[in-house]
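Visitor: I would like to learn how to read packing and aromatic features in a model of this kind. Could we go through them one at a time?

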Amino acid sequence: MDIYTTAEEKYLQAIEELHWGELPKALQYFNELIAFDPDYARGYFQLGDIYHERFKDYKTAGYYYKRCTELDADFPDVYEPYLKLVITLKMHKLVKQIADKALSVAGVCEAHIYESLGLHAEQQQNFTEAANYFKKAELFNAVQDEHSALLEHQNRIKSKMNSTKKMIYDLQG
């Protein structure tokens with residue numbers, strides 16, 4: 001890899017290997033990249049994504065995502081997978097922090113962040129909060145294919161909210 005002289009060239013080579021399904025080479029290149037330039041945030045993001053999605057090594061993925069946000073807090077691609085990861089790991093205090101930061105970064109898909117927050121609230125059995133997040137997600141959504149999924153979330157939450165209502169019987173007939 002020494003024929004590549006800049007961090008950007010190394011990054012693009014690693015992305016190309018990943019694109020062609022050469023995961024071991026891509027991993028090697030990304031690791032060489034962050035050794036070459038320890039402040040290259042996108043390298044950490046890609047490593048986090050690989051460990052999260054392909055290896056299901058959540059602890060390692062979390063380290064790389066966190067490192068990416070420390071190096072470049074305005075890099076939008078990291079927030080959605082990082083938020084999903086902390087929700088999966090039930091790191092409830094971090095969920096709000098990461099979501100708040102994500103919503104302040106240009107280029108982050110607000111609809112996806114609100115959807116993730118809605119799913120998190122649903123897991124916590126906080127159906128009213130979940131319904132509010134899913135409504136916000138629908139307001140920010142611009143993708144027709146995702147519209148039906150958001151409606152399904154809202155209908156599921158309505159059903160759960162109705163199933164938790166107390167029944168009142170009138171026995172004076």
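Visitor: Leaving aside its neighbours within four places in sequence, which residues is F30 in contact with?

Guide: Bear in mind throughout that this is a predicted model. Once the neighbours within four places in sequence are set aside, F30 is in contact with Y11, A14, I15 and L18, and also with G43, Q46, L47 and I50.

Visitor: How many aromatic pairs does the structure hold, and what is the geometry of the one formed by Y11 and Y40?

Guide: A pair of aromatic rings is described by the distance of the centres and the angle of the planes. The structure holds 11 aromatic pairs. In the pair of Y11 and Y40 the distance is 5.5 Å centre to centre, with 50° between the planes, and the pair is tilted. Y11 lies in helix 1 (residues 7-19) and Y40 in the loop between helix 2 (23-36) and helix 3 (41-54), so this pair ties together parts that are 29 residues apart in sequence.

Visitor: Are Y11 and Y40 buried or exposed?

Guide: Buried means under 20% relative accessible area. Y11 counts as buried because its relative accessibility is 9%, and Y40 is buried because its relative accessible area is 12%.

Visitor: Why is the pair of Y114 and Y133 stacked?

Guide: Planes under 30 degrees apart count as stacked. The planes of Y114 and Y133 are at 25°, with the ring centres 6.2 Å apart, so the pair is stacked. It links distant parts of the chain, with Y114 in helix 7 and Y133 in helix 8 (residues 127-140), 19 residues apart, and both Y114 and Y133 are buried.

Visitor: Which residues form one aromatic cluster, and where does the charged end of R67 sit?

Guide: The cluster is formed by Y44, Y51, F55, Y63 and Y64. The charged end of R67 sits over the ring of Y44, 5.6 Å from its centre, while the charged end of K10 sits over the ring of F36, 3.4 Å from that ring's centre.

Key
Residues are numbered from 1 along each chain as its sequence is written. This is a predicted model: local features need pLDDT of at least 70, side-chain atom pairs count only at pLDDT 80 or more; totals for chains, interfaces and linings use all residues. Side-chain values use heavy atoms; hydrogens and water are left out. Rings of Phe, Tyr and Trp (its six-membered ring) pair if their centres lie within 6.5 Å; planes under 30 degrees apart count as stacked, over 60 as edge-to-face and the rest as tilted. Helices (H or I, at least four residues) and strands (E, at least two) are DSSP runs, numbered from the N terminus. Buried means under 20% relative accessible area, exposed over 50%, partly exposed in between (1.4 Å probe, protein chains only). A charge sits over a ring if NZ of Lys or CZ of Arg is within 6 Å of the ring centre and within 35 degrees of the ring normal. Contact means heavy atoms within 4.5 Å.
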